[in-house]
Amino acid sequence: MRTTIRTFLLLVTLLHSAPYANADWVNFTGAENARNIAEIYVNRDHVKIKLEIFVEDLLLFKELIPDELFRKASHDRPDLGERLQRFSEKRLQISTGSGDRLIPRIDLVEPRLRVKRTSLFAGKLNPYTRRPIPGPPDDKRVLYVELTYPFTRRPDSLTIIPELDSSGLPIASIGFICYHQGVPVVDFRNLTSSNTVNLDWDDPWYSAFEKRQLKRALQAGVRTYLYIEPYEVRHEILVRVKDMMSWLDFSLKGNEFIEEEEFDRVRQQVAKFFLERENVLIDGKRLKPILDRTAFVESSPTWSRFIEIPERLPLNTAMVGVVITYLTKGIPQEVVTSWDLFSERVNTVAAGMTDPAGPFPYSLTPDDNILRWRNHLKQYRIPTVNSVAVADKHRGFRLPVVSLVCGLLVIVLLIVAVIRYRQEKRIKYHLAVIALLLLIGGIMLPHFRIYIGSQARAGWIGSEDARLITQSLLKNIYRAFDFRDEEDVYDKLAISVSGEMLSKIYLESRKSMVIEQAGGAQAKIQQVEVLEADVVEAVRQEGELDVRTRWTALGKVGHWGHVHMRQNVYEAILTIGAVNGSWKIIGIEVLGEERVAPGSTGYERPTD
């Protein structure tokens, strides 16, 4: 499938930075692929559990199997009320902090297929246990059951206990996740012997399980990060609106939701608040801060979503991200910022610094509130954009002008000398001039050359030369977008792109940046590798070359404390030509692209 230049620019500048992005938290337990799954929701007056019971484990939950699923009626089978009583005592106990055991009712039970859950590492070795991370069962059949456990008084805590064997281990493998009033309290984990969650009804964000291994990955409601990259420093702040109420009055209509009409006002208040308090010092100086992006962010351990269109948001989980950018001439030597927003709830702020060498996590407290980055990049060289010179062997036939003139004069003088010699005239001076011209011609042979037929020919360029030329041109295009100033981007693109193509790429890049500022994350390309490059004479532009090429682009996307690697494989026809002694891209036709795992080159060439 052929795509347009606009698609190419979106790929180049954003590298698939859609509103959804995978997070860098990794769950090595494989709990999301356990044979049985329990999603637990703690609400105002009840606990709801959505169970997926693996078909081979049905007998371990036999109390929940409806009578109609049995082939023959069982006269000695207890009634449903008695079965649910037994289920609550033995199979899955839920009790309050005061010791009251909750009795469920069945709201729904039906055969279904297992819900597919993200698990990028299934089958790979757990780096801690050195055992394979389990994947889901091959048989996808489950019995889906919805249970409701009502309570009359809000408990301070709940304890969840599955059925245990004589050694205290769960009889059934159950992966579970728990939410309190919509707030995730734990990431997917395996249900073990006894699991107590303390419930904060004023602010469920601070509800938590007592076991350390059941703490969720995204714990902090206030986070701040520094990104130090060539030509820019970014200060990114991610805050929960409810935590910001200690310092800002949002005057919301209710205490449960941010209404759609309050959406823009709230995020603008947060952005203005932090822009006015910005105190980043770069090499001891306060540079001009640029409010680059403000967006509501919905995140989980495995993905994040930038909410661009106003919608009603739960106050308990609503978070706003603010990105403030500083333009620099290179990489600074020191970047410093301080944080003074602490409260009774917010006594620790998750922080971090990320430079070309990688991320450095940190925690800020009232006694240690300075985030300081120093340049220790001893071997790092700032990527640059250089012209790709046309090699002499690709320039056509070179003619040494001075040497040719000397040769022609020698021929003329030889003819004159022969004529004079036959006329018995003196030719001594002619021979001396001829000798001098031969000397000058020999000395000037490597110099002052002109090229005849200087348009390159496909037959002159081997596959390896084509690969190196294409790789250098593509690197230059990707690198041009590392610059933030529009004039810099245009000037850097002009080094490797010519004619109408330059204007198209530049204008489309401006449109792409609008998407980025709306909430996308710009990728910094770390590596470009051309896998194939075949050269033929250009079809549409006489005297130029068409290079059918396949390449990979590996990029790093950093935002809100996450650093993700992105790799795409592309196939395109690049039309290139020699312009003033340098190779430049004159046309682009994208044939296909595919998102692949970092390190992979798996892309099937499309057929025309």
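Let's start with a pair of residues facing each other across two strands: S95 has T159 of β7 as its bridge partner. Keep in mind that you are looking at a predicted model. The strands involved are β4 and β7, which run antiparallel and are joined by five bridges.

Those two belong to a bigger arrangement. The open sheet here has four strands, in the order β4-β7-β10-β11, with antiparallel pairing.

Three strands make it up, ordered β15-β20-β23 and paired antiparallel. Here the edges are taken by β15 (281–282) and β23 (370–374); each has a single partner strand, so one side of each lacks a neighbour in the sheet. Five bridges hold β20 (residues 334–338) against β23 in the antiparallel sense.

Now step back to the whole chain. How many helices and strands does the chain have? It has nine helices and 30 strands. Of its 608 residues, 48% are buried. Take the contacts in the chain with a separation of 6 or more: 70% of them are between residues 24 or more positions apart. As for the surface, the chain exposes about 31,000 Å², and 53% of that comes from carbon and sulfur atoms.

On to the aromatic rings. Searching the whole structure turns up seven aromatic pairs. One of them is Y41 with Y179, a stacked pair with 5.1 Å from centre to centre and 5° between the planes. Y41 sits in strand β2 (residues 36–42) and Y179 in strand β8 (residues 174–180), so this pair links parts of the chain that are 138 residues apart. Another pair is F151 with W201: the ring centres are 6.4 Å apart and the planes stand at 70°, so this one is edge-to-face. F151 lies in the loop between β6 (141–150) and β7 (157–162), while W201 lies in the loop between β10 (195–198) and β11 (208–209), so the pair ties together parts 50 residues apart in sequence.

Are the residues of these two pairs buried or partly exposed? The table sets them out, along with two cysteines.

| Residue | Relative accessible area | Class |
|---|---|---|
| Y41 | 22% | partly exposed |
| Y179 | 23% | partly exposed |
| F151 | 10% | buried |
| W201 | 16% | buried |
| C178 | 1% | buried |
| C406 | 7% | buried |

The cut-off for buried is under 20%, so Y41, at 22%, counts as partly exposed, while W201, at 16%, counts as buried.

Ring pairs also link F273, F274 and W339 into a cluster. R112 lies over the face of Y144, 3.7 Å from the ring centre. R312 has its charged end over the ring of F257, at 3.8 Å from the centre.

One last item is the cysteines. A disulfide is a covalent bond between the sulfur atoms of two cysteines. How many disulfides does the count give? With sulfur atoms required to be within 2.5 Å, the count is zero.

Methods:
Residues numbered from 1 in each chain as written. Predicted model: local features only at pLDDT ≥ 70, side-chain atom pairs only at ≥ 80, totals over all residues. Heavy atoms only, no water. Pairing = 2+ DSSP bridges. Buried < 20%, exposed > 50% of the residue type's maximum accessible area, 1.4 Å probe, protein only. Contact = heavy atoms within 4.5 Å. Areas by Shrake-Rupley, 256 points an atom, 1.4 Å probe, with all protein chains shown as cover. Phe/Tyr/Trp six-rings, centres within 6.5 Å; stacked < 30°, edge-to-face > 60°. Lys NZ or Arg CZ within 6 Å of the ring centre and 35° of its normal.
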